[in-house]
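Q: I would like to learn how to read a protein model feature by feature. Can we take one case at a time?

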Amino acid sequence: MSKRLMALVAVVSVTVLGTACSSDKKKTDSSSSTTSAAAATSAAATTSSAAETSSSAAAETSSPAAVTSSSAAETTSAPAGEPAKIAFITKFPVSFFTAMDDAAKKADEADDSVAVDYFTCKTPTDFACQIGQIEDAVTKKYKAIVITPMGPEVRPAMKKAAAAGVKVMLADNNDSEFPEKTGAFATDNAVGGQKAGAYIKTLLKSGDSIGLMEGVHGNPNLDARIKGVQDALKGTGVKVVVAGGETGCDAAKGATVAEDLLTKNPNLTAIYSACDDPAIAAAKLVKTKGKKIMVIGFDGLPDAAKLIQSGDMQATIAQFPGTMAKLAVEAASKAIKGEKVESFNDTGSEVVTKENAAKFLNFQ
């Protein structure tokens with residue numbers, strides 16, 4: 001075969017290869033340029049160019065796209081110069097934690113030095129789920145974790161994360177037995193429980209009765225909300241009844257616990273729940289039954305504020321989830337940079353009644 005014929009065959013080969021490997025305009029143009037150059041060179045030069053074109057196209061085709069993962073297990077650590085990764089882990093998808101996510105996103109948008117990924121579980125007691133998220137964040141080299149811990153069950157995982165050098169920032173719930181934390185931004189639930197107790201004490205007199213609906217028994221923060229009321233009512237002559245089951249801070253479970261509570265204690269004067277969602281469910285049940293029972297909750301949900309305005313709920317103790325999340329993300333960013341963060345930061349609580357309910361129609 002003549003050299004001229006060999007060159008012609010090589011040119012045709014390069015043109016076909018360029019078309020097969022091209023996935024966008026940039027690659028097509030590259031193939032066309034290579035083909036033109038090949039036509040003006042020897043068969044050996046053309047063959048070499050074709051190999052380079054094939055290698056380049058293959059490399060472009062196989063390069064992974066930059067993707068923000070929905071799971072810590074799928075997220076890799078950022079290269080030097082990239083924003084530091086923060087894992088924002090909440091308990092489960094209810095409005096309180098959604099409000100925290102929204103506030104964290106605003107804090108993230110305002111800080112180019114960090115990038116926040118969001119994680120949650122299906123229930124507030126899915127400890128294995130939250131432990132897995134913590135462990136994955138460590139494995140994938142997140143610089144910080146902002147977390148609303150489900151309880152002492154997840155503490156060992158948080159301790160391991162801190163030991164691995166991850167900045168662990170608590171939000172919503174503090175853990176006094178986790179001194180390795182970088183910081184905490186949360187309601188002082190003991191103080192909040194005392195506020196609830198002091199307020200309820202003004203509503204009841206000797207001979208009245210109140211049913212208490214626990215959130216998750218053994219969770220120190222939720223237990224503190226109940227204890228504050230129990231302590232306040234000691235020696236008052238008010239009968240205190242603790243419901244037989246815990247609500248898990250879930251509306252459906254709350255309705256079941258409230259139904260059982262009212263069946264066994266039909267003449268209750270008041271009901272107090274450690275969380276608002278069960279309190280809202282109890283208030284609706286009370287209304288359906290046509291009873292006059294004061295219902296008090298804890299959280300400060302906008303839906304609770306609406307029921308307070310309508311007279312279907314008596315009161316709630318408001319927390320400030322947006323403030324918690326914003327400050328926790330900002331503090332995590334500072335900690336990553338080596339700046340000091342206070343160990344505990346009380347974000348406050350407030351009694352919400354009909355007089356100030358309008359202020360709490362949106363989360364703060």
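This is a predicted model: local features need pLDDT of at least 70, side-chain atom pairs count only at pLDDT 80 or more; totals for chains, interfaces and linings use all residues.

Q: Which residue forms a salt bridge with D303?

A: The general idea comes first. Side chains of opposite charge can pair when their charged atoms come close. Here D303 forms a salt bridge with K306, and the closest N and O atoms are 3.9 Å apart. The cut-off is 4 Å. K306 is also partly exposed, at 46% relative accessibility.

Q: Where do D303 and K306 lie?

A: Both sit in helix α11, residues 302-310. They are three residues apart, about one turn of the helix.

Q: How many salt bridges does the structure hold?

A: It holds 14. Salt bridges that share partners join R155, D175 and E177 into one network.

Q: Which residue pairs with D231 in a salt bridge?

A: K227 does, with the closest N and O atoms 2.7 Å apart. Both residues lie in helix α8, four residues apart, about one turn of the helix. D231 is partly exposed, with a relative accessible area of 34%. K227 is partly exposed too, with 48%.

Q: Which parts of the chain does the salt bridge between E259 and K289 link?

A: Start with the pair. E259 forms a salt bridge with K289, the closest N and O atoms being 3.1 Å apart. The pair links distant parts of the chain: E259 is in helix α9, and K289 is in helix α10, residues 276-289. The two are 30 residues apart. E259 has a relative accessible area of 31% and is partly exposed. K289 counts as partly exposed at 36%.

Q: Now a charged residue without such a partner. Is D111 buried or exposed?

A: D111 is buried, yet has no salt bridge. The nearest side chain of opposite charge is K337, 4.1 Å away. The cut-off is 4 Å, so this pair does not count as a salt bridge.

Q: What surrounds D111, and where is D111 placed?

A: D111 is in the loop between α4 (95-109) and β2 (114-119). A polar contact of 2.5 Å joins the side chains of D111 and S113. Leaving aside neighbours within four places in sequence, D111 is in contact with S333 and K337.

Q: On to sheets. What is the strand order of the sheet with parallel pairing?

A: Again, the idea first. Strands of a sheet pair through backbone hydrogen bonds, either parallel or antiparallel. In this case six strands form an open sheet in the order β2-β1-β3-β4-β5-β11, with parallel pairing. The edge strands are β2 and β11 (344-346), each pairing on one side only. Neighbouring strands are turned by 20° against each other on average, direction ignored.

Q: How many bridges join β5 and β11?

A: Three, in the parallel sense, with β5 covering residues 183-186. A184 stands opposite F344 in β11.

Q: Which helices go with this sheet?

A: Helix α6 (residues 155-163) packs on the sheet and touches β3 (144-147) and β4 (167-172). Its direction makes about 140° with that of β4. Helix α12 (residues 321-336) lies across β1 (84-89), β2, β3, β4 and β5. Helix α12 runs at about 170° to β4.

Q: What is the order of the sheet with mixed pairing?

A: This open sheet of six strands has the order β7-β6-β8-β9-β10-β12. Its edge strands are β7 (239-242) and β12 (350-352). Neighbouring strands are turned by 20° against each other on average, direction ignored. β9 (residues 294-299) and β10 (residues 315-318) pair in the parallel sense over four bridges. The bridge partner of G297 is T316 in β10.

Technical notes. Residues are numbered from 1 along each chain as its sequence is written. Side-chain values use heavy atoms; hydrogens and water are left out. Buried means under 20% relative accessible area, exposed over 50%, partly exposed in between (1.4 Å probe, protein chains only). Lys and Arg count as positive and Asp and Glu as negative; His and the chain ends are not counted. A polar contact is a pair of N or O atoms within 3.5 Å; within protein, one must be able to donate a hydrogen and the other to accept it, and residues adjacent in sequence count only if both atoms are side-chain atoms. Contact means heavy atoms within 4.5 Å. Two strands pair if DSSP finds at least two bridges between them. Axes are lines fitted to C-alpha atoms, for helices over the stretch in contact, and angles run from 0 to 180 degrees between N-to-C directions.
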